[in-house]
Every structure is written in structure tokens, then in C-alpha cells.
Amino acid sequence: MTLLAARGLTCGYNDVPVVQRLDLEVQAGEVVALLGPNGAGKTTALMTLSGELPLISGEVIFNGESTRAPLHKRVRGGMAVVTEERSVFMGMSTVNNLRVGRVDTRRALERFPELNERLKVPAGLLSGGEQQMLTLARALAREPTLLLADELSLGLAPKVVERLLRSVRDAADQGLGVLLVEQHIPRALDVADRAYVMRRGQVVMQGSGAELRDRVEEIEAAYLT
Ligand code: ATP
């Protein structure tokens with residue numbers, strides 16, 4: 001089932017297009033990576049798909065319907081968004097961060113049992129990786145149907161990144177659809193079923209994760225030109 005699609009989507013800021021005529025799809029149960037160099041328009045595309053930014057032209061289709069609804073309405077429809085800024089309350093303990101998110105704490109901790117030892121610790125004292133696990137645990141415990149994730153791995157150690165991406169892959173294997181904006185190409189392709197490569201606001205390459213894993217050099221070259 002197609003959870004999310006962009007059809008000829010043009011979007012940007014104050015009617016100035018940054019992303020032009022984007023076509024993409026995310027099905028239930030698949031991880032789709034959105035790759036590309038800095039400034040390619042990945043975050044802009046993701047923010048428009050989430051309803052945080054208005055579109056200029058084209059369509060966003062969510063749950064089978066063309067939508068211009070704002071983010072909070074899409075969230076009610078089953079969308080979860082995790083952005084570069086870790087959305088934890090730094091002064092609040094780990095467990096209270098889960099409680100205030102009104103999620104099933106037990107379910108959240110099942111995905112990230114390593115947080116069990118850190119429940120009483122203020123989130124501000126958690127490592128960056130633990131904060132990101134908390135953010136992801138909270139988002140996934142709400143049982144969304146679709147996750148949009150922007151640079152989950154920013155500034156984190158390779159082992160932590162692997163851990164986060166593995167948990168995203170596991171959730172997709174249980175039926176979640178995932179759109180993953182990611183800087184690190186091989187790591188993203190390791191978990192992705194399909195990927196799109198953007199450059200200067202347009203998709204310049206797309207394919208299955210397996211196909212693109214053999215074309216990493218070509219993708220990297222697209223980053224440089
Ligand atoms: P990165 O990997 O660096 O986050 P990206 O592919 O996510 O890059 P975007 O952040 O979507 O790229 O930026 C695409 C273009 O949009 C850039 O040229 C950027 O300068 C411009 N841009 C981003 N945010 C704004 C904004 N708030 N107002 C105007 N232009 C913006």
C-alpha cells in the first residue's frame with residue numbers, strides 16, 4: 001500500500017522553488033532513503049511532505065488522498081516526524097520524557113532496552129545517541145504507519161548510527177513505511193529497500209538499495225558535480 005507519494009512536487013520558501021517536480025513513493029513496510037549533497041533540497045522535501053512547509057505546486061498524497069493539511073493533522077493520520085533537532089525535554093528524566101509523550105513506556109523500552117538503565121537520568125545528561133534513541137523510541141511507540149526521519153545519525157558514532165538504523169529497519173519489517181534523509185550513503189543503503197538521489201532540487205538517480213549499493217561511487221560523483 002502506498003502510504004506517501006509526491007507527484008510533480010515543487011516546493012521551497014516564499015514561493016521560490018528549491019525542489020522541482022519531485023516524484024517519490026513510500027510503501028508500507030519499506031525504508032526509502034533520500035540522499036544527496038548539502039543543499040540538494042532533502043530537508044525542504046521532507047518538510048513539505050510532513051506539512052510543515054506549504055507546497056508551491058504538484059501534490060502530496062498521504063493515505064491515498066491528496067493533502068495540504070498541516071503537520072499536526074498528518075500526525076493524527078499516522079505520520080511521525082523525527083528531525084535533526086532531538087526533541088527531548090532536557091531537564092526532564094528519560095522516563096518522564098516517555099510519559100509526557102503519552103506513549104506506552106514498556107513498548108518504547110522494548111525497542112531500546114539500553115534506556116532502562118537511564119530512566120531516572122535527566123535527558124540533558126544522556127549521550128547524543130541515547131537522546132536520539134529516546135526520540136525514536138517515543139516516535140515509534142506511538143505506532144505510526146509512516147516515519148519521516150531527517151538525519152537521525154547526525155554527529156553520532158558509527159555504532160550508534162547502526163543501532164538507530166537497525167531499529168528503523170526492524171520497524172519497517174513490522175509494516176512501518178520510512179522515508180530516511182541520510183548523509184552517510186553506504187549506511188543508508190544498507191537498510192534501504194529503495195533510494196532517491198537528489199541534486200540541486202531534482203532527483204538525478206533512483207533504484208533499489210541493492211542496485212545502488214553497487215553504484216556508491218557514481219552517487220558520490222553526483223555529490224561533487
Ligand atoms: P543538508 O544536507 O545540508 O541539510 P538539504 O539537501 O537538506 O541539505 P535543504 O536544507 O532542503 O537541503 O536546502 C535546500 C536549499 O534551500 C538550500 O539552498 C538552502 O539555502 C535553501 N533553504 C533552506 N532553508 C531555507 C529557508 N528557511 N529559507 C530560504 N531558503 C532556505
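First, the ground rules. This is a predicted model, where local features need pLDDT of at least 70, side-chain atom pairs count only at pLDDT 80 or more, and totals for chains, interfaces and linings use all residues. Residues are numbered from 1 along each chain as its sequence is written, and side-chain values use heavy atoms, without hydrogens or water.

Now the ligand. Which residues are around the ligand? They are Tyr13, Val18, Pro37, Asn38, Gly39, Ala40, Gly41, Lys42, Thr43, Thr44, Glu151 and Gln183. Each has a heavy atom within 4 Å of the ligand. Helix H1, residues 42-50, gives the largest share, three residues. (A helix here is a DSSP run of H or I, at least four residues; a strand is a run of E, at least two.)

Next, polar contacts, meaning pairs of N or O atoms within 3.5 Å. A backbone N or O atom of alanine 40 sits 3.1 Å from a ligand oxygen. For a backbone N or O atom of glycine 41, the distance to a ligand oxygen is 2.9 Å. Glutamine 183 uses a side-chain N or O atom, 3.0 Å from a ligand oxygen.

On to the largest pocket. A pocket is an open set of points on a 1 Å grid over the protein atoms alone, where a 1.4 Å probe fits, with protein on both sides within 12 Å along at least five of seven lines; lining residues have an atom within 4 Å of a point. Lining residues number 19, and Val75, Ala80, Val81, Ser87 and Arg142 are closest to the centre. Strand S6 gives the largest share of this lining, four residues.

Note on methods. Polar contact = N/O pair within 3.5 Å; in protein donor to acceptor, adjacent residues only side chain to side chain.
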